[in-house]
Amino acid sequence: MDYARDTMRNLYKLWTRPIYLETVIDERKRLIYYDGREISERRSE
Amino acid sequence: MLLFLLNYAPLERWQHTILEIIRNEAYYFAPQGMTKILNEGWACLVAGSRLFTDRGLLRVDEVVRQRLQVRVSDGNTLREVYDWVTFDQRETVRLRTRRGFELEGSATHRVMRPDGSWRRLDELQVGEQVRVPPGPDLWAEHAVPGDWVDWVPDAHTTFQTEAEAAAFLAHRGLTAGGSASTRDVPEAILHAPKPAVAAFLRVLFDGAGQVGDDGVVLALPAAAMSQTVQLLLLNFGILSSRSEQTGGPWEVRVVGHAARVFQEAVGFGLRHKREALQRYQETCTGWEAEAWSDEVVTVERGRAVVYDLSVEETHRYAAQGLMNHNSYWHSRIMTQKAIRPSEIISFADLHSGVVATGRGQLNPYKLGLEMLRDIEDRWDKGKFGKEYDECDDILEKRKWDRQLGLGRQKLFEVRKLYNDVTFIDEFLTPEFVREQKLFAFRYNRDTDLYEISSREFREVKEKLLFRLTNFGQPFIYVEDANYNNRGSCISATATRGLT
């Protein structure tokens, strides 16, 4: 999750807008959201 | 040192990444010069060693110094020499065979055994058999009369008696009783075409040779000369043996089947010797031709400057009456393009370091090298194509050998057409994975250990390919630049591996 947080920050820096990232963590699909202030994560199926 | 920093220094994540990149790159570039070195060892002969070439019986040092593009005999056919190297002060081994062939080369130089396998000089034992190339029959091709005309009686001269022939030789210092100013066969003769050499040998045997119950015997003033005569005879396909006689002269002896070959290829000029040889022939009917091999009788160590050449395709050449293996790749790449001889040791050290397999780690250089070796082996033996793929018998597959010898050609093709990913995709075979004991692993949260998760070929290959794609990082693609209709949002998908 630490790694995901860093990745989100980098992506945000590049894209300059809020980010939704769909990925797989521990074999479960996740949707991670980051808007420059805080990070949130939920299951996405 | 970089590894130490990576492991223990309080680094920021990005610093860590950079150090890791530097370390990986350093390891990557070091082996660039030798990815295909298939470890043959240095293969060289000392100055004065005679090679059978299409320009005559030349000295190896002469060929190397002048970078002569000669063709040499590989035991079956003519091969082009394409590379020349000299090494100062190498450890050498000098061996002598029962027949009197002598050869001195670097300790790692290899000679052929009768069964076709190779043996390093420093591993050769007294009593072992080595291959003698059966009559290379390789001569200088240019028929322009050269210096050699002085040493050969012209077409109008026929000797009637042994004394006349002996006088001809003595005048040129070539007989045992002569002034012995000439210690070797004149260089001009060694560059002469076949008929001239035959004429020279004929007058030599006329003047200094005898036929008795024990074959044809030639007495010569010096060891070097007897050795060269033996090599010239060998070039005609005549096996002889050479020994020192008490009191000085050296004898070259031709017996049995070889005497018949001698009669046909060289023969005597003098009638009474011709007849004597004929009589000798009749006494030895039923003699089998001798085997083209010889026994090592002495092995000595020394140091000397050595000369190496590279021979196309088969990488071997006939010299000093034995079959020799050349060195390639490394001699070419490492000595001419990359390093000096003084750096060889550190190169070898580095090389073994680079391809060493660490504990629990996959070494990509080792993997690459092993795969290239595997490819060379498979294409040499014809282990590819429909027929091989469809063969179900594991034993038969393992012993598969069509003797195609396409290995090296395939290596060049692979290097040209493939990158890391396509290379592994194409050439990583189930057999290779099994042999190299490759496996995939994963972290088990319950036991807090890394465990082998699979030895399945498919999974191993998948993991390997993921590692090599995008440096093992997942790809992130923009899927929808306006996700949830919130203006400029991004929805991205991270997928691992190939697309």
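Guide: What follows is a conversation about some terms and the values behind them. This is a predicted model, in which local features need pLDDT of at least 70 and side-chain atom pairs count only at pLDDT 80 or more, while totals for chains, interfaces and linings use all residues. Residues are numbered from 1 along each chain as its sequence is written, chains are lettered from A and ligands numbered from 1 in the order in which they are written, and side-chain values use heavy atoms, with hydrogens and water left out.

Visitor: Why is Asn235(B) called buried?

Guide: Buried means under 20% relative accessible area, exposed over 50%, and partly exposed in between, with a 1.4 Å probe and protein chains only. Asn235(B) has 2% relative accessibility, so it counts as buried; its place is in helix H7 (residues 223-235) of chain B.

Visitor: Why does Met1(B) count as exposed?

Guide: Met1(B) has 79% relative accessibility, and therefore it counts as exposed. Met1(B) lies in the segment before helix H1 (2-8) of chain B.

Visitor: Which residues does Asn235(B) touch?

Guide: Contact means heavy atoms within 4.5 Å. Leaving aside residues up to four places away in sequence, Asn235(B) touches Phe52(B), Gly135(B), Pro136(B), Asp137(B), Leu138(B) and Trp139(B). For Leu138(B), the backbone oxygen lies 2.7 Å from a polar atom of the side chain of Asn235(B).

Visitor: What makes helix H6 of chain B mostly covered?

Guide: Helices (H or I, at least four residues) and strands (E, at least two) are DSSP runs, numbered from the N terminus. In H6(B), 12 of the 15 residues are buried, among them Phe200(B), Leu201(B) and Asp206(B).

Visitor: How do you know what span to expect of H6 in chain B?

Guide: The expected span of a helix is 1.5 Å times one less than its number of residues. Helix H6 (residues 194-208) of chain B has 15 residues, and its reach of 21 Å from first C-alpha to last is close to the 21 Å expected.

Visitor: How many helices and strands are there in chain A, and in chain B?

Guide: Chain A has one helix and three strands, which run α-β-β-β from the N terminus on, whereas chain B has 18 helices and 20 strands. Of the 45 residues of chain A, 33% count as buried, and of the 499 residues of chain B, 45% do.

Terms used:
Polar contact = N/O pair within 3.5 Å; in protein donor to acceptor, adjacent residues only side chain to side chain.
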